Amino acid sequence: MFLLSKIFWVVAQPLSLTFLLLSAGTILVAFKCRLSGVAILSSACLLLFVTLFTSTGSVALQALENRFPKPGADPADLQCMIVLGGAFETEVTSSRGGIEVNQAGDRFVEALRLALKYPQATILVTGGDGSLSGDYEGDADVSRRFLTEFGVDPGRLIQEDASRTTFENVRNTKGLLAPSSLSDCLLITSAFHMPRSIGLFRKAGIPVQPWPVDYRTSGKVVLRLDFTQPTLNSQLMSTALREWIGLAAYYLTGRTDTLLPSA
């Protein structure tokens, strides 16, 4: 399933799909199937336009980010937190050393803030090497260096370093919570990723408190033309499409009980 999902996403992301449609349309036109070819080429151009020059991706991502409200204040007490991996540039870190974060770095910045504020809290980090090669250091391993560099006691950390997907994050985490007598932990992950994550935790029977971070939209985006940031629009569209596909796939395969979990 892991390999299949990786291959599928190579094809399904908007720019890849546009390229495949353009190639197919060009071939059909070359072989005198002009009507079908022109229709496919037109679809490719429309997909590319929507991806690059509209706010569709932002709107789709914003819908996910708004499912679980941002907490208005820190908890009165905190005994544990679960941090989902995916925030470190593991390939770069493995090659160059140091600690390199990506756009989801807020997950561990927030975990660090809470860890320093609540010195009694246990931090469970789940995330291994999600690459196809399996040659890189996973997020759980990098996070130990990151957190301890800022003075967090390594005895407070629990590492789950075998998972490659969100489903595996939840499955593997479940086996670590009970032996440590941990329950009702904060769940820290990107806001757009929270619905799928919560759906999996609920299905697994693990009560958690959503703690969304790493927002990519303002919360006030409306559908409109946007010619100012095509690269960013494409990135947001890809992120949104991947998450929506993940929600649908997990629901259809019975890994979650609802298509779009909410608070």
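**Loops, helices and buried threonines**

Biologist: Starting with S181, buried or exposed?

Modeller: S181 is exposed, with a relative accessible area of 66%, where exposed means over 50% relative accessible area, buried under 20% and partly exposed in between, using a 1.4 Å probe and protein chains only. This is a predicted model, in which local features need pLDDT of at least 70 and side-chain atom pairs count only at pLDDT 80 or more, while totals for chains, interfaces and linings use all residues. Residues are numbered from 1 along each chain as its sequence is written, and side-chain values use heavy atoms, with hydrogens and water left out.

Biologist: Where is S181 found, then?

Modeller: S181 is found in the loop between α8 and β4, and although S181 is not a glycine, its phi is positive, at about 55 degrees. Helices here are DSSP runs of H or I with at least four residues, strands are runs of E with at least two, and both are numbered from the N terminus.

Biologist: And K32, what about its phi?

Modeller: K32 is not a glycine either, yet has a positive phi of about 70 degrees. K32 is found in the loop between α2 and α3 and counts as exposed because its relative accessibility is 71%.

Biologist: How do α2 and α3 pack?

Modeller: Helix α2 (residues 14-30) and helix α3 (residues 34-53) have axes 8 Å apart and pack at an angle of about 160 degrees, the axes being lines fitted to C-alpha atoms over the stretch in contact and the angles running from 0 to 180 degrees between N-to-C directions. That makes α2 roughly antiparallel to α3, since angles over 145 degrees count as roughly antiparallel, under 35 as roughly parallel, 65 to 115 as roughly perpendicular and the rest as oblique.

Biologist: Which residues meet there?

Modeller: Among them are L21, L22 and L28 in α2, and I40, L41 and L48 in α3, with contact meaning heavy atoms within 4.5 Å. By class, the contact of α2 with α3 has 14 nonpolar, 6 polar and 1 charged residues; Ala, Val, Leu, Ile, Met, Phe, Trp, Tyr, Cys and Pro count as nonpolar, Asp, Glu, Lys and Arg as charged, and the others, Gly among them, as polar.

Biologist: Switching topic, how many residues of α9 are buried?

Modeller: In α9, 8 of the 10 residues are buried, so the helix is mostly covered. What covers those buried residues includes α4, β1, α8, β4, β5 and α10.

Biologist: At what angle do α9 and α10 cross?

Modeller: Helix α9 (residues 194-203) and helix α10 (residues 230-252) cross at roughly 20 degrees, and their axes come within 9 Å, which makes α9 roughly parallel to α10. P195, R196 and L200 of α9 make the contact with E243, G246, L247 and Y250 of α10.

Biologist: What does T166 contact beyond its sequence neighbours?

Modeller: Leaving aside neighbours within four places in sequence, T166 is in contact with residues including R196, L200 and Y250. T166 is found in helix α8, and its side chain is joined to that of H193 by a polar contact of 3.1 Å, that is, a pair of N or O atoms within 3.5 Å in which, within protein, one must be able to donate a hydrogen and the other to accept it, with residues adjacent in sequence counting only if both atoms are side-chain atoms.

Biologist: Last one: T126, buried or exposed?

Modeller: T126 counts as buried because its relative accessibility is 0%. T126 is found in strand β2, and a polar contact of 2.5 Å joins the side chains of T126 and E160.
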